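Work through the exercises below with the model open. Try each task before you read its solution.

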Amino acid sequence: MKTARAAANPRPRRRGALPLWAAVLSLVGGLLFAGSASSTARPGDTLADPPRQQPLRDATAGLFLHWGMFTSPRHDDCAAWEKAVTDSGWTPQYWVDEARKLGASYIVLATFHSRLGYARPWPSKIPGSCSTRRDFLGELIAAGAAKGVRTILYMTDDPKWHDEQGVETLDSAAYSAHKGRDVDLTTRPGFGEFSYENFFEVMDGYPKLSGFWIDNDNEYWEQHELYEQIRERRPDLTLSNNNEDTPIMDMVSHEQKTGMTPPYDQPSAIWTPMPRLTESCYKVPSTGAWWYDGQDRPVDTGLNVGRYVANAGTSIKSLMDLQAMVDGRFPPQQRKFTDFMKDYLPPIRESLHGVDGGGYAHGGMQPGAWNDGAYGYVTVSRARPTTQYVHVTTRPTGGDRIELRDNGYRVTEVTDLRTGERLPFGQRDGRLTIRSIDDWDAYDTVFKAETAPQRYGVYPTGSVKASQPQLTDGDFTTYTDNGGALPASFTLDLGRVKKAAYLGVNQREWSPTHNRSTFGRPEDSARIKDYTVSASDDGEHWRRVAAGELESARGIRFVDLGDGLRTRYLKLDVATTWSAPGAPNFYRRLKIDEIQVGHDHVRRR
C-alpha cells in the first residue's frame with residue numbers, strides 16, 4: 001500500500017482489490033450509513049469519524065461562491081477575465097471577512113464549474129480549460145487560514161455545458177497533445193480523465209487546502225479509484241458530495257429545496273440520517289442563478305435566518321450561496337444581508353455554534369410544530385449538555401406563551417437569551433410552558449433553558465428489553481428495519497409490571513418528511529402513520545391502550561398511554577406508513593432508531 005508520501009503522479013487504477021484500509025473504511029461506512037439493522041459502528045470510531053471531519057462537525061455554516069469566467073459580465077477569454085478580476089481590485093480578504101460575518105468557518109470556491117467556463121483559478125500545468133496566471137486559489141487559502149476560515153474546492157463531473165454560451169470552453173486538442181493521444185474532453189470519459197488529473201495537481205500543490213466539494217460522480221473517477229487515492233495521499237482532505245450518499249465521502253450536501261411549510265424548514269426535505277455529516281446548500285437571493293447574473297436580486301432576510309436556525313437545530317450545516325461579482329464583492333442587497341447577520345448573530349451565537357440539534361441522537365426537547373401555530377427548534381450545548389435553547393422561528397398566532405414536549409427534562413430556569421430576562425414557566429403532562437413572553441424577535445426568539453443533569457420519568461437504557469434489541473440499546477447508529485413488511489410489531493418488556501405513561505419514538509431520518517404531492521411528487525416519508533399500542537401483564541393477553549395517527553415529522557414523536565397504566569409488556573403495532581406506492585424506495589419501509597418508555601412527567605407550576 002502506498003502511503004501519503006506516494007510519488008506525485010497519479011496512477012490510473014483499475015477496478016480490483018482495495019487497499020486494506022480502504023476496504024475497512026468502506027465496510028464501516030456501509031454499516032454505519034447504508035442501513036444495516038445490526039450496525040455496531042459508533043460515531044466516535046476512528047475510521048467512521050476521522051479527525052479530518054472535526055472542523056466540519058464543529059461548523060455551523062459555510063460560504064458557497066460560484067465565481068468564474070461567465071460571472072456577469074461574461075468573458076469568453078481566460079486572460080481577459082483574469083485581467084478584469086485583478087483590475088477591479090479583487091482581494092481574498094473580502095470573502096473571508098464576509099464569511100465571518102455569517103458565522104461561516106469554511107468557503108467552497110466553485111470556479112471549476114460546468115456553467116462558469118470550467119475556469120481554474122490557479123496556474124495549472126495541465127492544458128484543457130481556462131487557467132489563471134494569478135493564483136487566486138492559493139491567495140484565498142492563505143487569507144482564510146490567517147483568520148480560521150478553511151477553503152474547499154468545488155470540482156465538477158460534467159462536460160455537457162462545454163459550449164452552452166456559444167463558445168467552446170474545453171480544449172481537447174491541447175489536452176490531447178499533453179497526453180500524447182486523442183482525448184475528447186466533451187465526453188464523460190475524456191472530461192473525467194482531465195478533471196482526475198486536476199485533483200492531483202491541486203492536492204499536491206496546496207497543502208493547506210481543506211477538501212473537495214464534488215458535484216456528483218464521474219465514471220472515470222470511480223473506475224480509477226480517485227477517492228481511495230485521495231485518502232492515501234491526503235488523509236486530511238474532506239470529501240463532500242452533492243446529492244449522493246457514498247460511504248467514502250465525509251459529508252452529503254443536499255441542494256436547495258422549496259415548497260416546505262414553513263418555507264425555511266429545509267431539513268424536512270433532507271433524507272440523510274444522523275450521525276452522517278450533512279449539509280444544506282441554498283441560494284441566499286430569492287431568485288436567479290447560483291452565480292451573479294448582473295442583477296441585484298432581492299434577499300428575504302426572514303427566510304434565510306429561518307434556514308440558518310432550522311439547519312443548526314437539526315445538526316445540518318448551512319452552505320449559503322452568495323453571488324460574487326467579478327471583483328469578488330456581493331451585490332448591494334446581499335451585502336446588506338451579511339451586514340445584518342454580522343450584528344444579528346453574536347447575541348445568540350452560543351445557541352447556534354457548538355450545539356447539536358435537540359430531539360435527535362443527542363437528546364433534547366421536541367422540535368417542530370408547537371402551540372397556536374408556533375414552530376421552532378431546540379439546540380443542545382455540547383460543552384454544557386444541561387443547557388438547551390428553544391428557538392421560536394414562527395411565533396404563536398396569539399398569546400404570550402410557548403408550549404413544547406419536555407422529553408423528561410426537568411427545567412430549572414428559563415431566560416431570554418438576548419436580554420437575560422428570567423421568564424416564568426411550568427411543566428405538566430410532559431410539556432414545558434414558557435409564559436409572559438412580550439419581547440418577540442422578528443426572526444428567532446431564543447430562550448435559554450437550564451435543566452437538571454438527569455432526565456425524569458424515563459426508564460434508563462438497559463432496563464427495557466425489546467423484541468428487536470436495537471430499539472432500546474441507546475445507540476442511534478443501530479436501528480430496526482421492517483424489511484418492507486407491514487403491519488409491523490414491536491414489543492417492549494419492562495421486566496415486571498410497572499407504570500407506563502408514554503412512548504418516545506425516534507424514527508430514522510433517512511427519508512424526507514416534506515409532502516411533495518402538490519408538486520406532482522409522491523409522499524415519500526417513511527414514517528409511522530396508523531398505529532395501535534397494546535398492554536399485557538403476561539405477554540399473552542393484550543388490551544388496547546392507545547391508537548391513532550402519528551404525524552410525519554422529524555425528531556422524537558410521542559404516544560401518550562393515559563393516566564394510571566401499569567403493565568409489563570407494551571406492543572406497538574404499525575399498520576401503515578406515510579409513504580406512497582409511487583415512492584418505491586420508501587413505500588412500506590420503516591426504520592426506527594430508539595423507543596423510550598416514560599413512566600411519569602415533571603410537574604412544576
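Y154 is buried, with a relative accessible area of 1% (buried means under 20%, exposed over 50%, partly exposed in between, with a 1.4 Å probe and protein chains only). The model is predicted: local features need pLDDT of at least 70, side-chain atom pairs count only at pLDDT 80 or more, and totals for chains, interfaces and linings use all residues. Residues are numbered from 1 along each chain as its sequence is written, and side-chain values use heavy atoms, without hydrogens and water.

**Exercise 1.** Classify the ring pair of Y154 and W213.

Solution.
- Recall the rule: rings of Phe, Tyr and Trp (its six-membered ring) pair if their centres lie within 6.5 Å; planes under 30 degrees apart count as stacked, over 60 as edge-to-face and the rest as tilted.
- Take the values: the centres of Y154 and W213 are 5.6 Å apart and the planes are at 15°.
- Conclude: the pair is therefore stacked.
- Locate the partners: Y154 is in strand 3 and W213 in strand 4 (residues 211-215), 59 residues apart.

**Exercise 2.** Find which residues of helix 3 (residues 78-87) are buried, and say where they lie around the axis.

Solution.
- List them: C78, W81, E82 and V85 are buried.
- Look down the axis of helix 3: these residues fall within an arc of 100°, so they line one face (the arc is that of the directions from the helix axis to the C-beta atoms).
- Check the other side: K83 and D87 are exposed there.

Conventions: Helix = DSSP H or I, 4+ residues; strand = E, 2+ residues; numbered from the N terminus.
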